[in-house]
Amino acid sequence: MVYGNGRIHLSVEGTKSLKKSFITMQSIVSSYRTISFLTVCCVAFLLSARGTIAADEFVFERDVMAVLSKAGCNLGTCHGNLRGKGGLSLSLRGQDAAGDFLALTHDLAGRRINRNAADESLMLLKPVAGVPHEGGQRFQVGSLEYTILRDWIRAGSPGPASTSPPVTQLQVTPQHKNIFLPEDSVQLEVIATFDDGTTRDVTRLATYEAENLATRTSANGLVEQDEFGETTIAVRFLNEQLAVRLAFLPPSRSASMALPEPQNYIDRHVFGKLQELQIEPAELVSDSVFVRRAYFDLLGIPPTGQEAQAFANDLHQDKRARLIDELMNRPEFADQWALKWSDLLRNEEKVMDARGVELFHSWIRRSFAEGQPLDEFVRELVAGQGSTYENPPSNYYRPLRDPLSRGETTARLFLGVRLQCAKCHNHPFDHWTQDDYYSWAGVFARVDYEVPENKRQDRLDKNEFVGEQQVIEKMEGEVTNARTGEAATPQFLGGEASAVTPDASRLEQLANWLTSPANKSFSQAQVNRIWFHLLGRGLVEPVDDFRVTNPASHPELLEALADDFVRHRYDVRHLIRRIMMSKTYQLASHGSNDEFATTNYARTMVRRHSAEQLLDAQCQLLGMPSQFNGYAEGIRAGQLPGVLRVRLREKAPSPDDRFLTVFGKPKRLMSCECERSDETTLTQAFYLLGGESLHGRLANSARLKKLAEPTNSSLEIIRELYWSALSRAPANEEMNLFRRQLETQPEEREQIIQDLAWALINSKEFMFRH
Amino acid sequence: MLNILGTPSRRSAFCDGVSRRGFLKIGGLAMGGLSLPQLLQAEARAGVRKSHKAVIMVFLPGGPPHQDMWEIKTEAPSEIRGPLQPISTSVPGIQICELFPKIAQRMDRFVPIRSIVGASGSHAAFQCMTGRRETPAPSGGWPSMGSTLAQLYGPVDPNVPPYVSLCYKTSHAPWGDPGRAGFLGIANEPFRPMADGAEDMVLNGVSLERLQDRKGLLTAFDRLRRDVDRSGMVSGLDAFQRQALGVLTSSKLIDALDLSRENSGIVERYGQGDPKPRADGAPKMVENFLIARRLVEAGARCVTLNFSRWDWHGGNFKRAKEDMPMLDNAVSALIDDLYERDLHQDVSVVVWGEFGRTPKINNNAGRDHWPNVSCALLAGGGMKTGQVIGATDRIGGEASERPVTFQEVMATLYHNMGIDLNSTTVEDLTGRPRFLIDDGVEPISELV
C-alpha cells in the first residue's frame, strides 16, 4: 500500500525502520481489531511514513490533479464552481488538467506559485490555512498532499505532458464485503491501471465518498463502521471511479436461518442476499392483504367488498396466480399503466392540447390493453413521426422542443441514465463526458415540427399550443458541441455499435439500437421501472439513475429479470406475473424496522397510495362519483388522460381536482417518476379530516344511507364497511368498538355510520399500501 | 416532519456532501445511533442551528412609490417631487417621508434601502418571494425563501408549520402568490390560513363535538391496528393528522392566529385594519403584522403577508396618505414588539414591493411602473440598523450609490438565518444541487 508503484524513494530518514515497525503494528492491529483507538494511531503513524516519493516523479496531471481532488479543492462548492471561489477557478472534479494548470500557474500573474520559496506559495499557504482561507485547512504542512505540491513547485511546476498516460481502470479490493462484528472496519486498496499498462497503488490519493453517514473513511481508505447497515462508497482517482458496496453487520450467527422456500429465481436472489446479511424476512401476507395489494398494484383501485370476500372464500391453491391473471385482463389494468406512462411522457394539456392528450392517452392505453411488447411500444415512440393527431406516438417529441431535451429525456426514460450533468461538464459521478452528451443529442438534431396553426388562447403564454402538429425528421441539421463549438458527430449512448449513419433516418436507427436485445441498458431500465411500481423501490434507486457510482442492490437479479423480459419478448404482463408470484413480493410489511431491511426487500415497504388511488378508493367505498372540470361525471381519477382539462383562469378547480393536486398528482412537466409526490402534508390531513370533497361525499352517500336502513343489523353494517373499506372482516375488538357506537345511539344511526366511514377513510390501513 | 420518513424519491447525496434530506433520513432511522460529534458535524454541514431564527416578509403588491417613502427628492422639479415633505428621524442625517413619523422615531431600528435594482418588471410577488426571475427556471420552478427554509430546517414545533403565508388571494393573482415551493415539492408549500387553508380549516358543517367523536373513533381504530404502524412513513402521517385535528379543535397554531388571545393594548398599537380587498389587490389587514409575530413566536420560520395595493397610476398622494400611515403604524408596532420580546436579534423583517414608480407624476396625479429602481425597508435580524443603504439620482430615477439587487437582500436574510450561502444547497427535481442565491452574490456587507 504505497503510493508510487511500490518504489520507495527515501526522503525521510529512517523510513525503512518505520516501515518495519508498521508491519509489526499491523500484526498487532489485526489481533486487536476491536480496539479502534489503536487502529487510528497506527494509521496516523503509517501516514507519516508514507509521504516518501521523490520529486522527479511528480507529474501534474497525475499527482497534483489527484491532490486537488483529494483535498476537495475542485468540488462544486469550492473552486470547482463554474465561477470558482475567491478568484480561483478549477475544473469541476479535475476534468481539465490543462485548464487547471493555467489557473494555478498563470492566473494572477503567477502569484500562486513561488518557485524560490516553495513553502511560501499561495497555493500551499491557502490549503494549510497559513493565510486566511474560506475553505479552512485542507491538509497539513508535511502531509503527502503538501509534499507533492511543494516538490512539484520546487521542480519548476512542470505542466501536463502529452506523454503522461491517462488512467484506464481502477481496481478496488474488496469491491464488495459483508463485515460482521467484532470486525468493524475494512481497508480498501485502490490500484490504478494507466494507458501504458503500468499500475500503481493510489489508495492514499483516491477520494472516498460514502453514500450515507453510517461509515467514516479515512484519507487512507480505511472504512470504519458507525452503524449497522449497507453503504456504497464511491472511490475515484482522477477521471476513473467505481463503487464499493459494504455491509456492516452484527456478529455472525452460526446457525443458518430458516428462509422460505423460493418460489422462483427472484426469491433465490433476494433470499440469498438476506441469508448473507442475516436478515430474517417478514412472513408472507394474508389473503386479505394480498388481494388489496394486487388490486391497487394492477388496477389502481381496491377490491370491492364482494371481490375481497370472494377471494377470501376461494379455496383453490392457485388462487393468487389466477387473481393476477384475471386482474391483468381487466380494463383498469390498461388504465393504470396508461396513467403511469402519461406521467412520464408529459401528457399534459398546455403543450399537447386537450385533443392531443386524449389521443395520446388512448394510444398508450390501447398498447397496454392489447399487450403490445414494450420494445415495440418504445420503438413507436422514439421513431414517431407524422401528425400528432393521426399518429399519437409522435406526441413523444411534442413537448421536447430541442435536441438536448430529447436526448436527456430519451436517456432517462429508456436507458435509466440522468445525463443532464454532462451538458456543462463531464458527469461527475459517471463516465459520460460532455462529448458523449452532445453526440447523443446529435441523434435527435433533425427532429422538427410543421405547425399549421397555433390556436392558443393565451397569446402571452409561449408554452401553450393548441392544434395539430407534424413531427418530421429533416435531412439536415446538427447539434453544436458546447465544449468544442463544432457540430457533434451523432452517436448512440455507450455500448458497442454506437455509431450512427448520419444520413439515414436517425430516428429509425435509434429505435433499432435502443430496443435491440443486445442493449442491456434498455431492458434493465425497463424491468427496474416495473419492479419499482410493484415493490416501491427500484433495484437501482432512483429508477432512472443507473450509474457507476449507484449500483443495483441486487445486480444479478436485475440481470436475470432483464434476461427473462427479453426472452419473453418484452411482455409486461409476463414480468409482472413473475414478480408478483415471488414470495419477495408477497412478504408482509411488518418485521424488522430499519431501512436496511426494506432496501433488501426483507419486508414490504409501506407507502401512501397515490392521489388517484386514494380518491378512487373513497369514491368506490361511498358509491359516489368524482367530479373533474371538463369531464362527464363518472370518470375515475385513475382514468383521467391529462392534468387539467379546463384552465384555472376559466374555472376554479373542482374539489376533486384540488384533491389530486394536494395529494401529489404531477403537473407532468418532467419525464421523471420523481415529479409525483408521495409526501404527506398538513394540507392533506385537512382534506381528509375536514375537507369539503370528502365531507360532501359522506353526507350524500346513498350507499351509507342504505346501510343505515333498519333492516340491517349493526353486525352486518360493520362487516360490510370493513370488507368494502379494508378488504377484510373486522376483528373482534373492532366489532365491539364500532357496535358500541352504533347501538348506544340508535337514533343517530345514519350519522354514526358516516362517522365510521370517515374513521375508516382516515385510517392508516386505508391510506397506505402495506 | 415527514421528510424524515418519506421515501427518498429524489436522490439524497448528489454533487457534494450529504444533503439535509439524507441527513434526516439517516438521523431519523438511527434512533440515536449517530454519535454526537458526527451528528453535530452533519448538522453543521446541513446548516442546522439550535436557535429559532425567522423572517417576516411584508409584500406591498403593485410597486410602492420609492421616492415618496424613504428618500424624498426635495431638489427635483415639482412634476417629479410631489407634495410630500421629508422629516428628520432619530438618526441624525436620515430623513424619510413625513407619512412615516413612527418609523422616523425608531430609525435606529431600521434600514431603508433606497437603491434596489434588477426588478424584472412583472407585476408579481415572485421576485420578492424567491429573489429570482420567473424564467429561466429549473423544472418545477424556483422555490421561495419560506419553502427553502422549511426544507432546510423543518418545523420548530411539530404543531406549527415552519412556513406560513398570510397572503390573501388577490384577483390579480400574482400579487397573491404566497411564495411557493417550486421544485421543493408540496411538503414545503406554505400553510395558508388566509387562502386555501382557510377553506380546509373549517369544519364544513361538522360540529366540534362530532369531530371529537370522530377523532376518538379514529384513535381507537388506529390503536387496534398497530402493526401497520411500524413503518416510519405512517407515523409521519400521524403527526400531520394530529396537527390538523389540533387546528380544527384548538391548538398552538390556531391560538397564534387568534388575536382575541393577545393583550388588547398591543393589538391597538397595530391599528385597525380593513378586510375588504383593495380592488384587485390585498386587503389592508394590519392585524396580520401582529399575527406574523405570534406565528414566529409559536414556531414559524418564515411568514409572508401582503398588504393593500400600491399600484397607484392615479391618486398617488391621496392613496399614500391613506396607506402609508397604516403601514407606519403596523411596522413600528411590529418592531416594538420584537424588541420588547427580545426577538429582534433573531427575527428579520423586510418590507418591499416588486418595483418602483416613475419619477414623473402623470396626468392622474399617479406614478407608473418603474423597474429601474425601487426600495426596501429592513429591520431586526441582528443587522446593523440605523443607517441608510444606497441613494438615487436627483430625480429618483436610477440608483446613484450602492445599487442593491433582490438577491443581495435575500442573501442578507439567509445570512441572518444563520445559513452559509457558500455551502448550503437544495436539490432540484433532477437532483442537481442549487445554491440558494446565485454564485457570487453576498449579503449586504454594511448590515451584517
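Predicted model: local features only at pLDDT ≥ 70, side-chain atom pairs only at ≥ 80, totals over all residues.
Two strands are taken to pair where DSSP finds at least two bridges between them. On β15(B), the pairing of strand β4 (residues 110-117) of chain B is in the parallel sense, over 2 bridges. Here Val404(B) is the bridge partner of Ile116(B), while Thr405(B) in β15(B) lies opposite Val117(B). Of the 8 residues of β4(B), 7 are buried, so the strand is largely enclosed by the rest of the structure.

Seen as a whole, the sheet is open and has 7 strands with mixed pairing, in the order β5-β8-β1-β9-β12-β4-β15 of chain B. Its edges are formed by β5 (163-165) and β15 (404-405) of chain B, each of which pairs on one side only. Two helices pack on this sheet. Helix α12 (residues 287-298) of chain B touches β1 (54-59), β5, β8 (302-306) and β9 (347-352) of chain B, and its direction makes about 170° with that of β8(B). Helix α13 (residues 316-340) of chain B touches β9 and β12 (374-380) of chain B, with a direction at about 170° to that of β9(B).

The largest nonpolar core holds 266 residues, of which Ala757(A), Ile56(B), Ala300(B), Val303(B), Val350(B) and Ala376(B) touch the most other members. Helix α13(B) gives the most to this core, with 10 residues. Once neighbours within four places in sequence are set aside, the contacts of Val350(B) are Met57(B), Val58(B), Ala376(B), Leu378(B), Val409(B) and Leu413(B). A second, separate core has 48 residues, including Cys78(A), Ala192(A), Ile233(A) and Leu249(A).

For chain B overall, the secondary structure amounts to 14 helices and 17 strands. Of the 448 residues in chain B, 57% are buried. Among contacts in chain B with a separation of 6 or more, 73% link residues 24 or more positions apart.

Two packed helices are described by the angle between their axes and the distance between the axes. For helix α10 (residues 305-313) and helix α28 (residues 714-726) of chain A, the angle is about 90° and the axes are 7 Å apart. The helices α10(A) and α28(A) are therefore roughly perpendicular to each other. On the α10(A) side the contact is made by Gly305(A), Ala308(A) and Gln309(A), and on the α28(A) side by Glu720(A), Trp723(A) and Ser724(A).

Helix α25 (residues 682-689) of chain A is mostly covered, with 8 of its 8 residues buried. These buried residues are Leu682(A), Thr683(A), Gln684(A), Ala685(A), Phe686(A), Tyr687(A), Leu688(A) and Leu689(A). Ser286(A), by comparison, sits in the loop between α8 (265-277) and α9 (287-299) of chain A. With 13 other C-beta atoms within 10 Å, Ser286(A) is partly exposed. From C-alpha to C-alpha, Ser286(A) and Ala312(A) are 9.5 Å apart in space, although 26 residues apart in sequence.

How values were computed
Residues numbered from 1 in each chain as written. Chains lettered and ligands numbered in written order. Axes fitted to C-alpha atoms, helices over the stretch in contact; angles between N-to-C directions. Helix = DSSP H or I, 4+ residues; strand = E, 2+ residues; numbered from the N terminus. Parallel < 35°, antiparallel > 145°, perpendicular 65-115°, else oblique. Contact = placed C-beta atoms within 7 Å. Buried ≥ 20, exposed ≤ 12 C-beta atoms within 10 Å, placed from the backbone. Core = buried A, V, L, I, M, F, W, Y, C linked by C-beta atoms within 7 Å.
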